[in-house]
Amino acid sequence: MRVFDTSHLQKHKATDDQPTYEHVYDYADSQANIARIRRHFIKLRTRLILGLVVIFLLPSTLLSFYFHFQFAHTLKKSAILNLAAVAETQKNTIDLYLQERVINLYNLLHSREFTLSPTPENMDNFLQSLKHFNDGFIDIGFINPQGIQTDYAGPYPFLRDTDYRQESWYQTLVTENRNYIISDIRPGIRGIHHFAVAIRQLIDGHTYVIRAALDPEKLSSLLKTISQGKEVESILINRQGQYQTLASGQKRFPDHSDYVPSHALTSGVEEVEHGQQTLFVAHAWLKEPQWALLAMQPMSTAQAGMQQARLTLLISLAGFSMLISAIIYYTINKLVDNARRMAEKGQQLEEMLAHAAKLASTGELASGVAHEINNPLAIIMATSGIIRDMLNPEFGLDHSPEAIRKELTTIDTAAVRIKGITRKLQDMGRSRTLSTTHCDVNALLDETLARLKKVEFKTKHIETATRYLPDLPRIPGEPNALRQVFSNILINAADAIDQKGTITISTAMQESMVSVTIADTGKGIPLENLKRIFNPFFTTKENGKGTGLGLSIAASIVKYMGGTIKVNSVQGAGSSFTILLPSKERSE
Amino acid sequence: MTAVLRVLIVDDEDDLRETMVKRLKARKIIAEGANSGPQALKILEDKSFDVIVLDVKMPEMDGIETLRRIKDMKPEIEVIVLTGHASVEFGTKGMQLGAFDFMMKPAPLSELLDTIEQAYNKKRTMDR
């Protein structure tokens, strides 16, 4: 026999302050429960993994961004400082080179061989001794106070007797009373690029100038030599931005630089956009002439080291993050799996417990059946015994046919009681295989009520009130089974009423469930009985009046239909039974 | 048997109780019936019995409670507990509370009479 009652498994036990006892049908079977547990743990695992990944990876990402920018800043600063140092060193070298050329001329002026009226041979000797100091010297010339080059030695003899008064360097030298001057690079009178070094000397109140031309190529190659291996390109420009040395790839003088540093700053570094790329340009102004040394380095070259470091950082960060993620994933998976297994095991244990409880309930049922049947059986045995006594003349009892017939009626009554019990037990079994149609709950209630009023309610003054929801949806179910549910509850309600009272029946929709509430103004159910009323054979009625199966059958039918029965009772004021039935077929 | 055996049957099943009383009376036993625990206690206030046959499952006051009160009131009366339950639980409970014996329903009259006689003999021994 299958037992439907699960009320003893109820999780929310009725307590003193909670006089509601629910008989709830939990239609989630074992598989559905396990699926639910699995879904829960999948969700949990995702949440844990995401949470931990964020907790671990977010700070390290932020930190690495911070270090990256800090590193880039530092690296840029050091590149700039480095470039400024290069520019400063190169400027000093160039300054020294040019100062030396000026000193070469002074040395010549102060040499013992010097004379203001030299022979061409003297001039050649002077040129030779200059070239001995530095092979950049091209030629040499003396300019008299009138600005005429009176003596000359070098490859351009036509420069003898040239008037230099219109030359800007000559004018600056004489008018500004300077001791020496170095000119910009320009073609000059000879039409070939060179620059001039000139010194002014007062002799007997007259201004004499000694000038020498220098090859700019030598300056360029000097610059190239000192910049070698520094990944820096260095050039010299004048105040107007004209190149004073040949930059790499340039063939001709004078080219013009786009960038001219401020003359107010003796040195400095700036970022300059040049075509597609950004250049760091460090400048340093020379003492004489007013040229600027520009040391240029593309930003990409300056930051090449950083690119490498950034790549290393990125790769190690990615590797580190992947390692952490893998560890997190592995650990969480393992933990969640363990927890899930435990939960599933727990679920299985719970089901086994429920099964065991059902078995226990079967025992309870068997003992209930025995008790219910044993009482009328005892009557039958005792009565057949008294008939036998009557027929025994020894006892001298009345053995008239009437007396015997009376005893036989007693036997019949007891037998009918037993039959009633077995029929109800069959009903309990049958309720599992109900044929389903669409039932109009309001109509079924009316029908049941009308039938009961004819017989069961007749002996008492019971008023009935109905509050139906007019357009209640039809529900899937077996009409006879539902009639039995309503009838069993209504009979109990009537029994609870002593002589006079009211039974109120109402129907409503509760979410997708149809609810039927049957409330009486009877004596109510004592708290200790509340959790037992759905147990088979639990009854408070006198022997022979109730079998204790009515509510049990009602509960099993409702449970089979996927619904619940809930009872709320106040002692002395009445009880109310609420039946919730699904309005749609269960999709399983 | 010099004195007449007096038996009180306590059972809420009218048919059973009345038939049993009738059958005991036919066997020259002074037998009386009570349909509930309180009624039995009320009868005991005026009359005395040698043996009480007590049903366990009764509305109002169950057999166990009735037994407790009978033993408080008249401890010399022997009580036989009769239960329809196929469980010895109520029987042993009754024995602990001082019942002479317990029997399962339906019990054949001969067995019941034997037990009643044993209880009566015990009581007589105790009375002496």
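Analyst: Buried area is the accessible area, taken with a 1.4 Å probe, that two parts lose on being put together, summed over both. The model is predicted, with local features needing pLDDT of at least 70 and side-chain atom pairs pLDDT 80 or more, while totals for chains, interfaces and linings use all residues. Residues are numbered from 1 along each chain as written, chains are lettered from A and ligands numbered from 1 in the order written, and side-chain values use heavy atoms, without hydrogens or water.

Between chain A and chain B about 2000 Å² is buried, and carbon and sulfur atoms give 58% of that area. Counted by contact (heavy atoms within 4.5 Å), 24 residues of chain A meet 18 residues of chain B. The interface also holds 4 salt bridges, each a side-chain nitrogen of Lys or Arg within 4 Å of a carboxyl oxygen of Asp or Glu. A:E407 and B:K22 form a salt bridge in which the closest N and O atoms are 3.0 Å apart.

Within chain B, helix α2 (residues 37-46) and helix α3 (residues 63-73) have axes that come within 10 Å and cross at roughly 15 degrees, where axes are lines fitted to C-alpha atoms, for helices over the stretch in contact, and angles run from 0 to 180 degrees between N-to-C directions. This crossing makes α2(B) roughly parallel to α3(B), a term for angles under 35 degrees. From α2(B), B:G37, B:L41, B:L44 and B:E45 meet B:T66, B:R69, B:I70 and B:M73 of α3(B), and the residues of this contact divide into 4 nonpolar, 2 polar and 2 charged. Here Ala, Val, Leu, Ile, Met, Phe, Trp, Tyr, Cys and Pro count as nonpolar, Asp, Glu, Lys and Arg as charged, and the others, Gly among them, as polar.

In chain A, the axes of helix α9 (residues 479-496) and helix α11 (residues 550-560) come within 9 Å and cross at roughly 145 degrees. The contact of α9(A) with α11(A) comprises 8 nonpolar, 4 polar and no charged residues; those supplied by α9(A) include A:V485 and A:I489, and those by α11(A) include A:L551 and A:I557.

As for the backbone, the peptide bond from A:E288 to A:P289 is cis, with omega near 0 degrees, and A:P289 lies in the loop between β9 (277-285) and β10 (291-298) of chain A. In chain B, a cis peptide bond with omega of about -10 degrees joins B:K105 and B:P106, and B:P106 sits in the loop between β5 (101-104) and α5 (109-127). The elements named here are DSSP runs, helices being H or I of at least four residues and strands E of at least two, numbered from the N terminus.

Technical notes
Angles under 35 degrees count as roughly parallel, over 145 as roughly antiparallel, 65 to 115 as roughly perpendicular and the rest as oblique.
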